[in-house]
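Me: I'm new to this one. Please walk me through it.

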Amino acid sequence: WLLYLLVPALFCRAGGSIPIPQKLFGEVTSPLFPKPYPNNFETTTVITVPTGYRVKLVFQQFDLEPSEGCFYDYVKISADKKSLGRFCGQLGSPLGNPPGKKEFMSQGNKMLLTFHTDFSNEENGTIMFYKGFLAYYQAVGLW
């Protein structure tokens, strides 16, 4: 139970960015995935593949609190100094703006994923437990 109390304290607005070592493929998840993600959290994961490649990203699982405009909890994807979208909700659901099975592609060799959560996951007085996300990336040649 002590760990249950410490984990939210450790993640509370930890912020910062998490660089991923250069690899040709890998996965990115929300904190604690597949367990419910923490409240009051924001971090940016920087995916870098070797020079001469682009980053392709696809979400395998996606379960975030849905909201209009993805204001509360969201994943924001950016590459090449441009936003590729802001996403929330669940795969296969019309609520929020889930990414579906769309493939996201950078023009350069970096992609940023910002994961943001608000202070609670509550719907009509009921605490909801959302699992977060699992995404796979791979390097794609420019040729």
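Reply: One term first. Ala, Val, Leu, Ile, Met, Phe, Trp, Tyr, Cys and Pro count as nonpolar, Asp, Glu, Lys and Arg as charged, and the others, including Gly, as polar. Next, the ground rules. This is a predicted model, where local features need pLDDT of at least 70 and side-chain atom pairs count only at pLDDT 80 or more, while totals for chains, interfaces and linings use all residues. Numbering runs from 1 along each chain as its sequence is written, and side-chain values use heavy atoms, without hydrogens and water.

Me: What pLDDT does the protein average?
Reply: The average is 86, and 82% of the residues score at least 70. pLDDT is the predictor's confidence in each residue, from 0 to 100.

Me: And where is the pLDDT below 50?
Reply: Over residues 1-14. Beyond near neighbours in sequence, that stretch has 14 contacts in the model. A contact means heavy atoms within 4.5 Å. Where pLDDT is low, the predicted coordinates should not be read in detail.

Me: Now the layout. How many helices and strands?
Reply: One helix and eleven strands. In sequence order the pattern is α-β-β-β-β-β-β-β-β-β-β-β. Helices (H or I, at least four residues) and strands (E, at least two) are DSSP runs, numbered from the N terminus.

Me: How many residues in the protein, and what share is buried?
Reply: There are 143 residues, and 43% of them count as buried. Buried means under 20% relative accessible area, exposed over 50%, partly exposed in between (1.4 Å probe, protein chains only).

Me: What about contacts across the sequence?
Reply: Take contacts between residues at least 6 apart in sequence. Of these, 78% join residues at least 24 apart.

Me: How many residues are in the largest nonpolar core?
Reply: It has 23 residues. Leu57, Phe59, Val75, Ile77, Met111, Leu113 and Phe133 have the most contacts inside it. Such a core is a set of buried Ala, Val, Leu, Ile, Met, Phe, Trp, Tyr and Cys residues joined through side-chain atoms within 4.5 Å.

Me: Which elements give two or more residues to it?
Reply: Strand 3 (41-48), strand 4 (53-63), strand 5 (74-79), strand 8 (110-117) and strand 11 (132-141).

Me: What does Leu57 touch?
Reply: Leaving out residues up to four places away in sequence, its contacts include Ile47, Ile77, Phe104, Met111, Leu113 and Ala135. Lys102 and Glu103 are also among them.

Me: Lys56 next. Buried or exposed?
Reply: Lys56 counts as buried because its relative accessibility is 18%. It is found in strand 4. Beyond four places in sequence, it touches Glu103, Phe104, Met105, Tyr136, Tyr137, Gln138 and Val140.

Me: And Leu84, where does it lie?
Reply: In strand 6. Leu84 is partly exposed, at 25% relative accessible area. Leu84 and Phe104 are 20 residues apart in sequence, yet 7.4 Å apart in space, C-alpha to C-alpha. Phe104 is among the residues that Leu84 touches, as are Ile77 and Met111.

Me: Switching to loops. Where is Tyr72?
Reply: In the loop between strand 4 and strand 5. Tyr72 and Asp118 are 46 residues apart along the chain, with 5.3 Å between their C-alpha atoms.

Me: Which residues does the cis peptide bond join?
Reply: Phe33 and Pro34, with omega about 10°. Pro34 lies in the loop between strand 2 and strand 3.

Me: What is phi at Cys70?
Reply: About 50°, a positive value although Cys70 is not a glycine. Cys70 lies in the loop between strand 4 and strand 5. Cys70 is buried, at 2% relative accessibility.

Me: And phi of Lys81?
Reply: Near 60°, again positive in a residue other than glycine. Lys81 is exposed, with 89% relative accessible area.

Me: Last topic: the second largest pocket. What classes make up its lining?
Reply: Seven nonpolar, four polar and one charged residues.
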